[in-house]
Amino acid sequence: MSKLTKNQKLVADKVEAGKAYSLKEAAKLVKEITTTKFDASLDIDVRLGVDPRKANQMVRGVVTLPNGTGKVVRVLCLCTPDAEAAAKEAGADYVGLDEYIEKIKGGWTDVDVIITMPSCMGKIGPLGRFLGPRGLMPNPKSGTVTMDVAKAVREVKQGKIDFKVDKAGIVHTSIGKVSFTEDQIYENAKEFVQTIVKLKPAAAKGTYLKSIFISSTMSKGIKVDPKSVE
């Protein structure tokens with residue numbers, strides 16, 4: 001049997017295999033077992049009792065994390081000239097329309113979120129083949145196609161994220177950084193899971209929250225008791 005490394009032993013001593021911890025305990029543990037020298041991202045995985053292949057069981061939504069994501073989010077606002085000043089004031093990193101459409105056609109996608117207006121979608125629609133595979137295509141359901149682009153920019157900068165269940169029935173996202181306090185991790189995770197609970201499809205039967213795991217970059221996943229979040 002191979003010998004455990006110092007870091008593996010630390011995890012083995014602190015995290016009991018198979019045990020489901022309360023969300024507060026998990027928020028504390030994930031900080032204790034993270035040994036990376038950089039500020040690791042914190043991820044949450046929620047397995048749902050839904051069949052994503054059925055349209056009436058698709059789970060998709062947006063949530064504004066109370067403590068933000070800890071990441072610098074680069075925002076491109078594709079809007080008409082009359083909305084440019086407000087978008088810039090709200091914190092958009094790039095603002096414009098035709099010149100950025102041409103840049104995207106040329107392969108430029110060095111942003112994290114693209115926000116636009118309904119009146120601009122006619123020009124942006126053909127960019128789907130560039131933006132779709134990268135998860136950058138603006139969508140009214142995620143609040144990235146709106147008349148109030150300034151408000152949308154502010155919300156994204158403050159920690160608004162969109163999410164959807166994957167083919168395996170799992171919702172996965174980042175909810176912060178290891179440098180966050182235990183309370184900040186707890187508050188972000190709770191807000192995220194409770195938002196998913198509110199989006200439970202009427203067609204979903206049986207157990208909805210099947211499992212929840214919290215982990216950091218390169219750390220072991222910590223099982224969370226769903227009852228501690230509801």
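A word on the ground rules. Residues are numbered from 1 along each chain as its sequence is written, and side-chain values use heavy atoms, with hydrogens and water left out. Because the model is predicted, local features need pLDDT of at least 70 and side-chain atom pairs count only at pLDDT 80 or more, while totals for chains, interfaces and linings use all residues.

Let me start with the antiparallel sheet. It is open, has 4 strands, and runs in the order β7-β1-β8-β9. Strands here are DSSP runs of E with at least two residues, helices are runs of H or I with at least four, and both are numbered from the N terminus. Two strands pair if DSSP finds at least two bridges between them. At the edges are β7, residues 170-177, and β9, residues 222-224, each of which pairs on one side only. On average, neighbouring strands in this sheet are turned by 25 degrees against each other, direction ignored. Axes are lines fitted to C-alpha atoms, for helices over the stretch in contact, and angles run from 0 to 180 degrees between N-to-C directions.

Which residue of β7 is the bridge partner of D45? That partner is H172. The strands β1, residues 41-48, and β7 are joined in the antiparallel sense over 7 bridges.

Next, the parallel sheet. It is open too, with 3 strands in the order β4-β3-β5. β4 (94-96) and β5 (113-116) each have a single partner strand, so one side of each has no neighbour in the sheet. Neighbouring strands are turned by 15 degrees on average, direction ignored. β3, residues 75-78, pairs with β5 over 4 bridges, and L78 has T116 in β5 as its bridge partner. Helix α4, residues 98-105, lies across β3, β4 and β5, at about 115 degrees to β4; contact means heavy atoms within 4.5 Å.

Last, a helix pair. The axes of α2 (residues 23-32) and α8 (residues 182-198) come within 9 Å and cross at roughly 125 degrees. That makes α2 oblique to α8, since angles under 35 degrees count as roughly parallel, over 145 as roughly antiparallel, 65 to 115 as roughly perpendicular and the rest as oblique. From α2, the residues in contact include L23, A27 and V30, and from α8 they include I185, Y186 and A189.

That is the tour.
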